[in-house]
Amino acid sequence: MNQIPPHPQIPISLTINGTLHELKVEPWVTLLDLLRERLSLTGTKKGCDQGQCGACTVLVDGKRVNSCLALAVSRDGAEITTIEGLAQNGELHPLQVAFIERDAFQCGYCTPGQICSAAGLLAEGHTRSRAEIREHMSGNLCRCGAYTNIADAVEDVLMPRIAAKEAAE
Ligand code: FES
Ligand code: FES
């Protein structure tokens with residue numbers, strides 16, 4: 001009787017929210033499924049699973065990435081930050097505070113991706129206006145239509161940073 005060959009397992013290492021993980025994964029496993037299904041980091045959401053909605057956005061080496069489109073093996077050695085890793089020392093990230101203060105979620109399903117995307121936007125450093133916030137967050141869909149509140153929240157964090165940078169120059 002023919003035996004079904006075992007699935008190939010590729011060793012990779014990922015630093016996720018500051019913790020090094022040595023893992024073995026099949027080459028077809030996405031970063032999203034690895035995070036959710038194997039590491040129980042379920043804050044990152046699976047929406048469309050095809051790069052259309054942004055619900056799965058995480059930061060990979062500081063840049064925002066749709067984790068549903070990224071094969072885990074292709075990110076070997078990377079630093080990953082998920083929504084679970086944004087709070088530091090028991091303090092919420094300023095974007096998380098702003099989202100709460102601005103009531104920037106309704107069902108909240110898109111919110112982890114929105115906040116991770118906004119964190120990436122802040123790090124990129126080239127967004128300077130509300131119109132640009134909306135443009136540069138346009139890959140993140142919110143079916144509830146909380147866009148105004150989301151833009152308010154991101155603006156609350158971004159604008160003081162721009163003002164502080166200009167004052168220092
Ligand atoms: S789940 Fe990845 S973009 Fe929609
Ligand atoms: S709050 Fe974003 S989809 Fe509902």
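**Figure 1. Helices H3 and H5 cross in a right-handed manner in this predicted model**. Two packed helices are described by the angle between their axes and the distance between the axes. For H3 and H5, the angle is about 30 degrees and the axes lie 11 Å apart. Angles under 35 degrees count as roughly parallel, and H3 and H5 are therefore roughly parallel to each other. On the H3 side, the residues that meet H5 are Gln-114, Ala-118, Leu-121 and Leu-122. Their partners in H5 are Tyr-147, Ile-150, Val-154, Val-157, Leu-158 and Arg-161. By class, the residues of this contact comprise 8 nonpolar, 1 polar and 1 charged.

**Figure 2. Helix H3 is largely enclosed by the rest of the structure**. H3 covers residues 111–124, which makes 14 residues in the helix. From the first C-alpha to the last, H3 reaches 20 Å, close to the 20 Å expected at 1.5 Å a residue. A residue is called buried when its relative accessible area is under 20%. Because 12 of the 14 residues of H3 are buried, the helix is described as largely enclosed. Among the buried residues are Gly-113, Ile-115, Cys-116, Ala-119 and Gly-120. After H3 comes Gly-125, which has a positive phi near 80 degrees.

**Figure 3. Helix H2 meets helix H5 in a right-handed crossing**. H2 consists of residues 94–101 and H5 of residues 147–168. The two axes come within 8 Å and cross at roughly 135 degrees, which makes H2 oblique to H5. H2 contributes Pro-94, Leu-95, Ala-98 and Phe-99 to the contact. H5 contributes Ile-150, Ala-153, Val-154, Asp-156, Val-157 and Arg-161. In the contact of H2 with H5, 8 residues are nonpolar, none is polar and 2 are charged.

**Figure 4. His-136 lies in helix H4**. With a relative accessible area of 25%, His-136 is partly exposed. Residues up to four places away in sequence being left out, His-136 touches Arg-64, Leu-121, His-126 and Thr-127. The C-alpha atom of His-136 is separated by 8.8 Å from that of Ala-118, a residue 18 places away along the chain. Ala-118 is one of the buried residues of H3, and Leu-121 is also listed among the buried residues of that helix.

**Figure 5. Glu-26 is a buried loop residue**. The loop that holds Glu-26 runs between strand S2 (19–25) and helix H1 (31–38). Glu-26 has a relative accessibility of 10% and therefore counts as buried. Apart from neighbours within four places in sequence, the residues in contact with Glu-26 are His-7, Pro-8, Gln-9, Arg-38 and Val-73.

**Figure 6. Asp-49 and Asp-61 each have a positive phi**. Most residues other than glycine have a negative phi, and most peptide bonds are trans. Asp-49 is not a glycine, although its phi is positive, at about 60 degrees. This residue is found in the loop between H1 and S3, and at 36% relative accessibility Asp-49 counts as partly exposed. Asp-61, also a residue other than glycine, has a positive phi near 50 degrees. The place of Asp-61 is in the loop between S3 and S4.

Methods. Residues are numbered from 1 along each chain as its sequence is written. Chains are lettered from A and ligands numbered from 1 in the order in which they are written. This is a predicted model: local features need pLDDT of at least 70, side-chain atom pairs count only at pLDDT 80 or more; totals for chains, interfaces and linings use all residues. Side-chain values use heavy atoms; hydrogens and water are left out. Axes are lines fitted to C-alpha atoms, for helices over the stretch in contact, and angles run from 0 to 180 degrees between N-to-C directions. Helices (H or I, at least four residues) and strands (E, at least two) are DSSP runs, numbered from the N terminus. Angles under 35 degrees count as roughly parallel, over 145 as roughly antiparallel, 65 to 115 as roughly perpendicular and the rest as oblique. A crossing is left-handed if the near helix is turned anticlockwise from the far one by less than a right angle, and right-handed if clockwise. Contact means heavy atoms within 4.5 Å. Ala, Val, Leu, Ile, Met, Phe, Trp, Tyr, Cys and Pro count as nonpolar, Asp, Glu, Lys and Arg as charged, and the others, Gly among them, as polar. The expected span of a helix is 1.5 Å times one less than its number of residues. Buried means under 20% relative accessible area, exposed over 50%, partly exposed in between (1.4 Å probe, protein chains only).
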